[in-house]
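Colleague: I am new to this structure. Please take me through some of its aromatic residues.

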Amino acid sequence: MASLETLEADLGRRLRGVLGPLVRGRRHRATLRRGAVTEAQRRAARATWWGHEPHWYPDDTPPRRHNRVTPLVDGEHYFAALLDALAGARDYVYVVGWCLTPEIPLRRVAEGDLIQTRLLTLLAETARRLPVRVLLWAGAPVLLQPTTRTAEAVQRAVLAQAGDADLRCELDRSAHITHCLHQKTLVVDGQVAFVGGMDLTTFQGDRWDTQAHRLRPGPNWHDVQVRIEGEAVADVEHNFRQRWRAVTGDEGLPHREPAHEPVWDTPTQIVRTIPRDTYGFAPQGEFGILHAYTRAIRLARRFIYLENQYLWSPHVMDALIEVIDQPHDEPFRLVLVLPAHAYSGKWDNDRHVQRLREVDRGRGIVSVYCPYTSGVDIGTHAFTFRPTYVHAKVAIFDDEWLMVGSANLNNRGLITDGELNALVHDPALARALRVDLWAEHLALPAEWVAGADPVALIDGEGAGRAAENAAIVRQTDRPLICALHPYQIGRMPGAWVLEEAEVLTFDR
């Protein structure tokens, strides 16, 4: 097995070395040029209330002023909010996904929850009183997971459960053969929308997990979603309606304009990656997420905090290197949280992390971590340590701007796959999300994190607690003190599949 993995990794490196410059240097440059924002669009944006802020994307749906945005960190919180929203639905439910597990339970508290809160059961019950529409990527015929066969099996399961309920599940086959449709959104009654990185699935890993990330069978899973109420909900629904119409030709979906309270004052823009030549409504493609990331990175003044599954995009890397090297009036920090073993991407993450560290030149600007969990071992050591898989796609800039969505920081997420993010300008909300995430990763009280200076916290508790965890993993003599572990180039401890295999084959 090890020799096969080594051979595959070596072949992947050789192919990427040959094809990478060609793909990035030619095809994507032409794509981005065709889908670029025009000068006329920029002039029109300058005449609006938001036109003075270069973070906003001056194409597609504009920023909306009147919203309430609630971050939902990890699956327990998102699934509970989704369960409540489905129970309160009165008019319609629209679901967009990459992959779906029909039997995934949304709550894991009481004895009967695993049966009574299964997703498909809830969708079918909801569809007996109102229309429920589900739009999934059709899967890949070759090369990628999930496959078309998997997607079609999910569709059959949904339709079989529907009976006489108003429940439809359609497969979107618009993606190019080596790409996917990766959005994860849900809209209820035109009043509530969920946007983020969480799929309603157990595929590759069970998305339901708590912020404690206690050791469990299979990978622990860290992810983030936001609940949006207010004007921007209509834009999330608009995305669904555009894609549904492109796939089915159906123009008759019900619609309600979102209501909003006067005190909802969080400006929010729905930004997308729409690949070129995929949909008739955007034949040149749409690259609002790439615009938002690169602008926000270059405009950051004090710190950038990124959680993402991948760090591959040359456009994002160029922006990060530029902001690291430019002079700042006060200490500047870049903090990244990546998975220890990114699916099909550890080598690519490694080389880009190494590049950032080289640019840093030992100045202490760049910190890269991955979260771990620990527990009592059943093998030859007293304790075991396993990475918590980072699937979140979160960005926080200077405790002022935040972005949450489905897009990874690679060319797929920013150029060639279908994605949707929410870009939010709200200092109180950005700071609150950062405090929540850092309290989780550092195992410190949220009140303490909130009272600490961000840069001092990064340099002090962040670096110190991660270093102590690295020593604990080497010694295997006690559990971790928090989740953070320094990101290591090459092999990192605790690949859960290998550990499970070792336990099963260990001769006692």
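Modeller: A residue is buried under 20% relative accessible area, exposed over 50% and partly exposed in between, with a 1.4 Å probe and protein chains only. This is a predicted model, in which local features need pLDDT of at least 70, side-chain atom pairs count only at pLDDT 80 or more, and totals for chains, interfaces and linings use all residues. Residues are numbered from 1 along each chain as its sequence is written, and side-chain values use heavy atoms, without hydrogens and water.

Colleague: Is Phe303 buried or exposed?

Modeller: The relative accessibility of Phe303 is 2%. The cut-off for burial is under 20%. Phe303 therefore counts as buried.

Colleague: How are the rings of Phe303 and Trp438 arranged, stacked or tilted?

Modeller: Rings of Phe, Tyr and Trp (its six-membered ring) pair if their centres lie within 6.5 Å; planes under 30 degrees apart are stacked, over 60 edge-to-face and the rest tilted. Phe303 and Trp438 are 6.3 Å apart centre to centre, with 50° between the planes, and this pair is tilted.

Colleague: Which parts does the pair of Phe303 and Trp438 tie together?

Modeller: Helices (H or I, at least four residues) and strands (E, at least two) are DSSP runs, numbered from the N terminus. Phe303 lies in one such run and Trp438 in another, so the pair ties together parts 135 residues apart in sequence: strand E11 (residues 303–307) and helix H12 (residues 427–442).

Colleague: Which residues form one aromatic cluster with Tyr92?

Modeller: Tyr92 and Tyr94 form a stacked pair, 4.5 Å centre to centre with 25° between the planes. Both are buried. The cluster with Tyr92 is formed by Tyr94, Phe240 and Trp244.
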